[in-house]
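Subject: Structure handover

Hello,

My notes on it follow below.

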Amino acid sequence: MEAYGIALLALSLALFLCLLSYDPSDVLPSSLASRTGRTLNLVGPVGAQLADLALSLLGVASFLIAGTLSVVGTIFLVHRRLQVRLRTVLGYVVLLLSAATLLQLGLDRQTLLSHAPGGLIGELAGASQFERPNLYCKWKIVAGVAAKTSHENVVEAKLTAGAQK
């Protein structure tokens with residue numbers, strides 16, 4: 001278990017350094033980094049690409065992934081047993097999506113680390129590209145998507161329970 005903990009902590013640190021040292025010029029096709037392989041990113045070219053992908057999808061909410069990896073790594077390191085339940089994983093996914101959406105809603109039309117604050121997911125869920133965006137409209141769409149997803153999950157659970165009888 002200690003080996004898993006050390007590996008997850010190392011991965012967490014690497015991801016954190018990737019995100020923290022992100023420089024958009026590292027991933028441009030015409031940049032010095034693409035010709036020489038030298039990047040400003042502390043983890044190198046792979047770190048630059050990973051950070052660009054994470055920031056493109058989740059924006060600065062990507063830092064939550066690094067934080068979560070460090071928490072799980074610490075749990076493994078101190079020999080605690082980790083029980084992963086489906087609802088915990090789903091809760092974490094909802095946390096990531098919510099963080100990206102809230103960042104996008106709160107910091108709309110700004111950029112952080114050369115990306116949208118909530119990344120692509122925050123832009124889609126926050127409906128930030130409407131011609132006349134307003135907070136009510138955005139939250140109505142976010143709540144509607146969440147309600148539809150919850151309803152589909154309940155229907156699926158009922159169908160699964162009925163099939164098992």
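Aromatic rings first. Rings of Phe, Tyr and Trp (its six-membered ring) pair if their centres lie within 6.5 Å; planes under 30 degrees apart count as stacked, over 60 as edge-to-face and the rest as tilted. Searching the whole structure on that basis gives two aromatic pairs.

Y4 and F76 make a tilted pair, at 6.0 Å centre to centre and 50° between the planes. Y4 sits in helix α1 and F76 in helix α4 (residues 63–77), so this pair links distant parts of the chain, 72 residues apart. Y4 is exposed at 55% relative accessibility, while F76 is buried at 14%. Here buried means under 20% relative accessible area, exposed over 50%, and partly exposed in between (1.4 Å probe, protein chains only).

F16 and F63 are edge-to-face, because their planes stand at 75°, with ring centres 5.8 Å apart. F16 is in helix α1 and F63 in helix α4, 47 residues apart. F16 is partly exposed at 34%, and F63 is partly exposed at 23%.Some ground rules. This is a predicted model: local features need pLDDT of at least 70, side-chain atom pairs count only at pLDDT 80 or more, and totals for chains, interfaces and linings use all residues. Residues are numbered from 1 along each chain as its sequence is written, and side-chain values use heavy atoms, with hydrogens and water left out.

Now the overall fold. The protein chain has seven helices and zero strands. Helices (H or I, at least four residues) and strands (E, at least two) are DSSP runs, numbered from the N terminus. Of the 165 residues in the protein chain, 27% are buried. Accessible surface (Shrake-Rupley, 1.4 Å probe; for residues, only the protein chains shown count as cover) comes to about 10800 Å² for the protein chain, with 67% belonging to carbon and sulfur atoms.

Two polar residues deserve a look. D26 is in the loop between α1 (2–20) and α2 (32–36). D26 is buried, at 7% relative accessibility. A polar atom of its side chain lies 3.0 Å from the backbone nitrogen of L40. A polar contact is a pair of N or O atoms within 3.5 Å; within protein, one must be able to donate a hydrogen and the other to accept it, and residues adjacent in sequence count only if both atoms are side-chain atoms. Beyond its neighbours within four places in sequence, D26 is in contact (heavy atoms within 4.5 Å) with residues including S31, T39 and A48.

T101 lies in helix α5 (residues 86–106). T101 is buried too, with 4% relative accessible area. Its side chain reaches the backbone oxygen of L97 at 2.8 Å.

Best wishes
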